[in-house]
Amino acid sequence: MKFCSRCGSEHMVWRMPEGDTRPRHVCDSCGEIFYQNPNIVAGSIPVWGEQVLLCKRAIEPRFGYWTLPAGFMENGETTAEAAARETLEEACAQVVIGELFAVFNLPQINQVYMMFLAALPALEFGPGSESLECRLCREDEIPWSELAFPTITHTLKFFFEDRRDGRFRLHFGDIVREGGEAVLLERRVQVPLTGA
């Protein structure tokens, strides 16, 4: 950030504004505070029978690796709309968005992934501009060692586990870096709810 969008000043400083608990970019001339917040990545798990639709990435990061259709949410849309849009853009597929299935916090890169169950109403798909190819995979056909991101690996593992159990539940956790590894810290704490 070089210029204040309010007054045009180049005098940006990194400090804790009065009454705040974190340092922020602040214009030293007019006092405007600039908040930088995490990005939401919304995606889908497009299902056709026993198969899931995967896309091979045509962009960095992780060019040539497989993923579920997902991407950054845009202003003016809901998370479910973002998941459907990303599926259309990456896999040229219309989907019916279902329940929220997984939420993963990635604090080291300031992202939150929200992955939705989705149904393909028709067997119509193909690579969009961000994909090299798309294909339907059964669990035993998933290219596990060629998946682009830990969020995708965990989402798919949970999906197939839940399908075997006959019930889908919401999965929630933090994916953090420990050493050189991405580690999932699942959040499964039972909180007693009490009324006043």
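Trainee: Before we start, what counts as two strands pairing?
Mentor: Two strands pair if DSSP finds at least two bridges between them. Keep in mind that this is a predicted model.

Trainee: Which residue in β3 is the bridge partner of Val26?
Mentor: Ile33.

Trainee: And what's the strand order in that sheet?
Mentor: β1-β2-β3, an open sheet of three strands with antiparallel pairing.

Trainee: Which strands stand at the edges?
Mentor: β1 (12-15) and β3 (33-34). Each has a single partner strand, so one side of each has no neighbour in the sheet.

Trainee: Zoom out. How many helices and strands in the protein?
Mentor: Two helices and twelve strands. Along the sequence the pattern reads β-β-β-β-β-β-β-α-β-β-β-α-β-β.

Trainee: What box do the C-alpha atoms fill?
Mentor: Roughly 60 × 50 × 35 Å along the principal axes. Of the 196 residues, 41% are buried.

Trainee: What about the contacts with a separation of 6 or more?
Mentor: Residues 24 or more positions apart account for 57% of those.

Trainee: Now the core. Which residues touch the most other members of the largest one?
Mentor: Ile45, Val52, Leu54, Leu68, Phe104, Leu156 and Phe159. That nonpolar core has 27 residues.

Trainee: Which elements give two or more residues to it?
Mentor: β4 (39-48), β5 (51-57), β8 (96-106), β9 (111-119) and α2 (150-165). The largest share is five residues, from α2.

Trainee: What other core lies apart from it?
Mentor: One of nine residues. Ala91, Ala93, Val95 and Leu136 are among them.

Trainee: Back to Leu68. What does Leu68 touch, beyond residues up to four places away?
Mentor: Its contacts include Ile45, Val52, Leu54 and Leu156. Ser44, Glu90 and Met115 are also among them.

Trainee: And Thr67, buried or exposed?
Mentor: Buried. The cut-off is under 20% relative accessible area, and Thr67 counts as buried because its relative accessibility is 4%. Thr67 lies in strand β6, residues 66-67.

Trainee: What is Thr67 in contact with, leaving aside neighbours within four places?
Mentor: Leu54, Cys55, Arg57, Ala148, Phe149 and Ile152.

Trainee: Last topic, charges. How many positive and negative side chains?
Mentor: There are 19 positive and 28 negative. The centres of the two sets lie 4 Å apart.

Technical notes
Residues numbered from 1 in each chain as written. Predicted model: local features only at pLDDT ≥ 70, side-chain atom pairs only at ≥ 80, totals over all residues. Heavy atoms only, no water. Helix = DSSP H or I, 4+ residues; strand = E, 2+ residues; numbered from the N terminus. Buried < 20%, exposed > 50% of the residue type's maximum accessible area, 1.4 Å probe, protein only. Contact = heavy atoms within 4.5 Å. Core = buried A, V, L, I, M, F, W, Y, C linked by side-chain atoms within 4.5 Å. Lys, Arg positive; Asp, Glu negative; His and termini not counted. Charge placed at Lys NZ, Arg CZ, Asp CG, Glu CD.
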